[in-house]
Amino acid sequence: ILLFAILSCKKHELNYIIYYQKVNEIDSIQRYANNEQLALEEYKKLFKEYEPKNGEKTEEYSRYLTLSDHYDKKNINKKSLKKLIYLLAPGAKHGWHKRYYPLFTKYGIDSLQVKQEIIDWKKKLNHTLIDSFSIAIDRDQGSRRGNYSNNFVKLMDKKNIELFKWTFENYGFPSLQKIGLTGKNGRDIHMRTFFIHYIDSKDYEFLKKKSFEYVKSGDFDPYTYAAFVDRHEGVIKGKPSIYGVYTLVEENSLDTVQVNKNRKSIGLASIDHRNKIVSDFHKSNYKRRNKNAYNNDK
């Protein structure tokens, strides 16, 4: 019992900034050095210590399973593939999971089973929070799209920030694995939408400190945190970008060495590395769409 308690405590205290930094290192091994087998071994070590996140565009866990399928099939099975399904499930409305149907099918999970796994995953979400944040996103978007005064917008933001405070206190961060990405109204309840609207709130410092804690716990993605901080620095303070995610000045006037150090400190890849990740991601999607269109024409 004592050993279990110690291990549980250790797992709880894992710092996901270190995880993100390691993901970026492994991504470089595969993307730049083109050493897929070494990348696979490093991913294997990483996922023994950390539960995977499969970040936006880095997609480290799906890359790990794809490499495993090619080089070391003993790493891949129904259990690991179901874990991938759950990581992709928040974007089911956008078809994030469909790219991996051939991989799932190869290991005995057909498309109907994938859909059922996603349905089962949705049932386990916190529906109290989904209801609350569905209302919150309506407040957020409705107050900005209508002909409302700035004071009314601030009032709606204040109500939503109070919801965040209550959620932090009672449930922790409203992460993708707690509430998914799609609200009851069909709108995406993306945290980025909320946070970039709170850059001039009197609760900014509280939200900045609290959200950074959730970056470290792995519940809040570092890119959204960086966008939140950068917009505050640029729009409210008129200062240069800290993380190079949002800036009001010319990019070539940024101190990229310092910016890249700042990025690494929260788990973001360097500016050039991130640009490469995004470029490769879009090229891959373009090729996939063209291939599907060709197959449909046939």
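**Entry: Ile 236 and the surface**

I began with Ile 236, which I found in helix α13, a helix that covers residues 222–236. I note here that I am working with a predicted model.

**Entry: Thr 167**

Next I turned to Thr 167, which lies in helix α9, residues 150–170. With a relative accessibility of 0%, Thr 167 counts as buried. When I left aside its neighbours within four places in sequence, I found Thr 167 in contact with Leu 129, Phe 133, Gly 172 and Pro 174.

**Entry: helix α5**

I went on to α5, which is made of residues 78–88, and listed its buried residues as Ser 80, Leu 81, Leu 84, Ile 85, Leu 87 and Leu 88. They lie on the same side of α5, because the arc they cover around the axis is only 165 degrees. I then asked which helices the buried residues of α5 pack against. They pack against α4 (60–71), α6 (101–106), α7 (111–123) and α10 (176–179).

Last, I checked the N-terminal end of α5, which is capped by Asn 77, with a side-chain oxygen lying 3.0 Å from the backbone nitrogen of Lys 79.

Technical notes:
Residues numbered from 1 in each chain as written. Predicted model: local features only at pLDDT ≥ 70, side-chain atom pairs only at ≥ 80, totals over all residues. Heavy atoms only, no water. Helix = DSSP H or I, 4+ residues; strand = E, 2+ residues; numbered from the N terminus. Buried < 20%, exposed > 50% of the residue type's maximum accessible area, 1.4 Å probe, protein only. Contact = heavy atoms within 4.5 Å. Arc of directions from axis to C-beta. Polar contact = N/O pair within 3.5 Å; in protein donor to acceptor, adjacent residues only side chain to side chain.
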